[in-house]
Amino acid sequence: MHLRFFLRPLTLASGLFLIMALLVSLNLGERTARRQVRTIDITMSTAEQGGFTPASLRIRASQTVRLRFHASDVAHAVAIGPGLELDLGVIAPGETKEVTLSIDRPGVYTFYCNLWCSPEHWRMRGVIDVFAVDGSLPPANSDPVIVALTAAGIDIDGAHGAQQTVHSADHASILITPDAAMLAVLEIPDILRSPAWKRTHALADAAAVLGGANPSQTGIALAGAAAALWREQLQDADLADAAALYAKNCAACHGVTGRGDGMAASLTPTSPAPFTANALLEKRLDVLYAKIRRGGMGTGMPNFGALFTPEETWALVDYLWLLALSETSP
Ligand code: HEC
Ligand SMILES: [Cu+2]
């Protein structure tokens, strides 16, 4: 009883002191943490006026940095890739948006504008070199798909990717539309359901394989059946992310529905390709993949290999075919 009476004021005082000490140290800790975060201010103008300034950043793996993007002239939008899933969205003129990030995997990353802001918009890119703790930068790895195409002697810019077993002349004036009813009638070889086979072939090849198993069918009927088969396969795929990437990075030239009629379509030296079954008939999927990653030399088709992961690129190829085979196809 006596003891308790004596102790109480002491406990109260020391308790208060402890709490205050804790608050002070918390505050200090927070301040030092904040000081450790390097802030980098990046000004954005159209590519014609210099694009991103600075356009080249060097950070260490796992280092936390705060990137502050300021739009100095018109509206821009910023995303960072590949594989980081960072998209800051639109930044209005005069506005600043920031992102705090730390990248664990050393390598070369790209920050880029994904809102059409000027005729040279797609050149608006910046590079982030992320160095390993030992100061090294891993060499850019070559893309096995493009390496394989080159090794096989396939010209990515060539007009034809397919084996041309079904000749395009057969279809020159006939529109290929998916014919789902045919699928119940035809013998469908298993290989046509193999994703790996599909990636190294074109719709014309699929039609040719169908023709081998169903010799009495006409070329256009086979192409319609092959198109139906591809559309069926695509309907189960989750292409929401690819649709978003397409809307931000491709629609300006290729058009929202892929008809080659985007608002910037008239600005490219070559017209942006339409994504229709007829136009893509003889294009191997890996050739489309390569074109997206590497761009079309001198045509105005930008290279997206430094922006997207291989998986995102394949999903885009699927999405182009979904556009080509959708109901709104002419
Ligand atoms: C600045 C305009 C522009 C933008 C943006 C653009 N493209 Fe293109 N694209 C073109 C032009 C022009 C061509 C035609 C040149 C060629 O086929 O090599 C083309 C061709 C292609 C081809 C080859 C088609 C074929 O039939 O051979 C594919 C695939 C393609 N683009 C996909 C994309 C994707 C996917 C995006 C977005 C990630 C995109 N493009 C963004 C202009 C653009
Ligand atoms: Cu832009």
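Ligand 1 is surrounded by 23 residues, with Cys250, Cys253, His254, Lys283 and Met301 the closest; a residue counts as near if one of its heavy atoms lies within 4 Å. The model is a predicted one, in which local features need pLDDT of at least 70 and side-chain atom pairs pLDDT 80 or more, while totals for chains, interfaces and linings use all residues. Numbering runs from 1 along each chain as its sequence is written, chains are lettered from A and ligands numbered from 1 in the order written, and side-chain values use heavy atoms, with hydrogens and water left out.

The shell around ligand 1 splits into 14 nonpolar, seven polar and two charged residues. Here Ala, Val, Leu, Ile, Met, Phe, Trp, Tyr, Cys and Pro are nonpolar, Asp, Glu, Lys and Arg are charged, and the others, Gly among them, are polar. Helices α8 (251-254) and α10 (285-294) each bring in at least two shell residues, and α10 gives the largest share, at three. Helices are DSSP runs of H or I with at least four residues, strands are runs of E with at least two, and both are numbered from the N terminus.

Now for the iron. On the protein side, the iron atom of ligand 1 is held by His254 (NE2) and Met301 (SD), at 2.0 to 2.1 Å. Donors are N, O and S atoms within 2.8 Å of the metal (3.2 Å for Na, K and Ca), and with water absent from the atoms, sites may look incomplete. Six donor atoms subtend angles of 89 to 179° at the iron, which makes the arrangement octahedral. That label asks for opposite donors over 155 degrees apart and all other angles between 65 and 115. His254 sits in helix α8 and Met301 in the loop between α10 and α11 (310-325), so the pair ties together parts 47 residues apart in sequence.

Two cis peptide bonds turn up in the backbone. One runs from Thr53 to Pro54, with omega near -5°, and Pro54 is in the loop between β2 (52-53) and β3 (56-60). Another joins Gly81 and Pro82, with omega about -5°; Pro82 lies in the loop between β5 (76-81) and β6 (86-91).

How values were computed:
Four donors count as tetrahedral if all angles lie between 85 and 135 degrees; four count as square planar and six as octahedral if opposite donors are over 155 degrees apart and all others between 65 and 115; anything else is irregular.
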